[in-house]
Amino acid sequence: MKRLTQIRLPVDRSHRLRDAVAKRLGVPLDDVGEVRVIKRSLDARNKRRPVHVYTVEVYEPGEVPGTSRETRIAPKNWKGSRPVIVGAGPAGLFAALRLGEYGIPCLLLEQGAEIRKRSVHVAKFWKRGELDRWSNVCFGEGGAGLFSDGKLNTRIRSPHIRYVLDRFVDFGAPPDIRYVNNPHVGSDGLRRVIRRAGDHLRARGCELWFETRVERLLLDGSRRVEGVQLAGGEEVEAGQVILAPGHSARLLYRTLLEQGVAIGAKDFAMGVRVEHPQVLIDRVRLGRSAEQLGPAEYRLTYQRDDVRVYTFCMCPGGYVVSCGTEPDGVVINGMSNRRRSTRWANAALVVPVSAADIPGDDPFRCLELQRAVERRAWEAARAAGGRHALPAQRLEAFLEGAGEAPLPRVSSPSGAVAVDLEEVLPDFVTRALREALPVFDRRMRGFISRDAVMMAVESRTSSPVRLTRDRT
Ligand SMILES: Cc1cc2nc3c(=O)[nH]c(=O)nc-3n(C[C@H](O)[C@H](O)[C@H](O)COP(=O)(O)OP(=O)(O)OC[C@H]3O[C@@H](n4cnc5c(N)ncnc54)[C@H](O)[C@@H]3O)c2cc1C
């Protein structure tokens with residue numbers, strides 16, 4: 001097998017990849033076996049002639065490519081007690097899958113409902129503001145991952161990435177996620193993928209209990225874990241407990257701290273979601289090629305000394321959605337379906353929050369800040385007359401300090417009400433955004449424009465607490 005990089009092909013001629021490979025190798029086409037695309041990215045710097053840039057593995061005719069499955073471990077005869085996993089989000093589900101490959105069936109406990117029932121809870125929340133505390137956009141089968149956009153790009157390097165992508169494809173995700181630069185499944189696709197992952201686990205002897213909230217760990221006299229206690233008081237024995245409760249399990253984290261589990265404050269990021277008409281982003285990023293290439297994406301960063309602002313989780317053709325877990329707090333995030341077909345483009349626009357900059361040594365000090373801002377966002381929306389609509393402000397009005405201003409239509413299924421976001425966001429976030437936005441506008445003309453809207457608050461970018469792990 002040979003690996004070739006930097007094969008550049010005009011986007012409309014991608015099907016000629018094998019020809020390009022043969023040409024690069026200087027061999028006839030018949031001497032080229034399977035060509036496996038490892039990575040494909042788009043170079044649209046020249047808007048008139050965008051190219052796809054490929055990295056490929058080229059096999060001899062008859063040579064069979066390996067799969068990530070070969071790295072999986074043959075089942076052993078497990079004689080220990082059944083491990084318990086708390087949380088059926090991506091982390092809990094992948095822990096269960098991996099244990100299943102060792103031949104160790106587990107019990108997965110999830111406080112939220114299974115997918116169908118949960119989808120009804122979410123629809124009621126978005127349309128009517130009726131929040132189910134334990135089954136919502138963040139809680140339930142698939143975790144926050146179920147309503148995630150399904151953008152599977154990560155900024156870390158890990159030998160497990162290929163494995164994760166392969167498993168997504170096994171469960172029905174589009175095969176191109178294995179190699180495109182910004183893989184995307186879409187919220188609609190994720191629902192099918194997660195349902196199949198659940199079926200796969202059950203077929204291997206795992207049990208999934210939904211609407212089952214874990215209240216605390218059961219510890220013996222020498223503080224070894226013996227199992228978990230459920231919200232109804234029932235006890236479940238287990239020699240091993242894997243905690244995968246995600247970034248919003250505030251109640252459980254409080255209890256764990258009381259039980260003496262080591263927890264520390266963790267850096268996170270906070271800000272808003274900015275939304276533009278997708279046509280504007282397409283025009284700026286791709287020019288005339290937009291029709292051919294589909295909705296455009298972007299990524300922007302700004303840094304001056306210790307002031308940093310960056311965009312992430314950009315959702316072309318997506319929605320801004322309400323995803324709070326408490327009745328008196330507003331949290332937002334972005335999602336899109338596989339086709340990315342709405343008229344809007346949104347992205348998180350956030351400022352890092354360092355635990356070291358918040359006075360005190362309370363492990364929950366970052367969480368408390370997060371909670372306070374979410375509550376202010378809720379109060380501002382209520383004061384502006386919104387029952388469940390998202391607090392929002394035109395970007396131009398925010399920059400001018402002009403307070404509330406009439407809003408254009410937004411993508412959110414919950415709607416939006418005009419507020420002054422300066423009254424919601426911490427000062428350091430407001431200052432950083434006001435400094436960075438004009439720079440972003442210079443890089444992407446139109447970023448500051450009439451129809452650009454900011455919605456708040458993008459606060460659950462990652463967990464504000466960390467369960468400290470030992471080395472074993
Ligand atoms: C709308 C939206 C869009 C997103 N888009 C993306 C994206 O495009 N790409 C991306 O990488 N990330 C995205 N994210 C973030 C992503 O979903 C999370 O990073 C991911 O879900 C984290 O996985 P996790 O398994 O650690 O935790 P979670 O997904 O939060 O899952 C934790 C689970 O544990 C359960 N739980 C918590 N406490 C208990 C308890 N006491 N007892 C029983 N169960 C409990 C919860 O109910 C939950 O189901 C998005 C998130 C949202 C909300």
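This note covers the domains of the chain and the surroundings of its ligand.

1. Basis. The model is predicted: local features need pLDDT of at least 70 and side-chain atom pairs count only at pLDDT 80 or more, while totals for chains, interfaces and linings use all residues. Residues are numbered from 1 along each chain as its sequence is written, and side-chain values use heavy atoms, with hydrogens and water left out.

2. Domains. The chain splits into domain 1 (2-62), domain 2 (79-261) and domain 3 (265-458). These bounds come from an automatic or database domain assignment.

3. Domain 1 against domain 3. Their centres, taken over C-alpha atoms, are 38 Å apart. In contact (heavy atoms within 4.5 Å) are 6 residues of domain 1 and 8 residues of domain 3. The two bury about 510 Å², 61% of it on carbon and sulfur atoms. Buried area is the accessible area (1.4 Å probe) that two parts lose on being put together, summed over both. On the domain 1 side, Val11, Leu42 and Lys47 lose the most area to domain 3, together 64% of what that side buries.

4. Ligand shell. There are 32 residues around the ligand, each with a heavy atom within 4 Å of it. Ala91, Glu110, Ala144, Gly145 and Val214 come nearest. Domain 2 and domain 3 each supply at least three residues of the shell.

5. Polar contacts (pairs of N or O atoms within 3.5 Å). A polar side-chain atom of Glu110 sits 2.6 Å from a ligand oxygen. For a backbone N or O atom of Gly145, the distance to a ligand oxygen is 3.0 Å. A polar backbone atom of Pro90 is 3.1 Å from an oxygen of the ligand.

Methods
Polar contact = N/O pair within 3.5 Å; in protein donor to acceptor, adjacent residues only side chain to side chain.
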